[in-house]
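Subject: Structure for your files, with notes on salt bridges

Hello,

Here is the structure I said I would pass on. My notes on its charged side-chain pairs follow below it.

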Amino acid sequence: MSTSPITTHVLDTSRGRPAEGVPVLLERLEDGGAFVELGRGKTDADGRLRDLLPSEPRPKPGTYRITFDTSVYYAAQGTTGFYPSVSITFLLRAPEEHHHVPLLLNPYGFSTYRGS
């Protein structure tokens, strides 16, 4: 199975475990100023989502947004969080490269970085 050119991994730092079952939406900013959906899915038991996009064709350069529905995840954990969703907007400049957008999550904060 080929991997999506854009992937993610969600870790719940409050539990020290991968965040399974987080709904994820991937969008691209179009010329008219609106975001258009490209893919969606849920994180697996390892907190990963590897199939947001097909491996080909490669995504176009541009502005992308990945949104994590953290309210669904926290409801499944029997807890609530301060952020019902987390959206990360990033620039894709080199479509030939793999882009990994991880999320480190806890009920009252989050962080991200460009992964490998």
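R48 is partly exposed, at 26% relative accessibility; the classes used here are buried (under 20% relative accessible area), exposed (over 50%) and partly exposed (in between), with a 1.4 Å probe and protein chains only. The side chain of R48 meets that of D46 in a salt bridge, at 2.9 Å from N to O. D46 is also partly exposed, at 36%.

Please note that this is a predicted model: local features need pLDDT of at least 70, side-chain atom pairs count only at pLDDT 80 or more, and totals for chains, interfaces and linings use all residues. Residues are numbered from 1 along each chain as its sequence is written, and side-chain values use heavy atoms, with hydrogens and water left out.

The structure holds six salt bridges, a salt bridge being a side-chain nitrogen of Lys or Arg within 4 Å of a carboxyl oxygen of Asp or Glu.

E37 is partly exposed at 43% relative accessibility, whereas R40 is exposed at 54%.

R114 is exposed, with a relative accessible area of 52%, and E97 is partly exposed at 37%.

Regards
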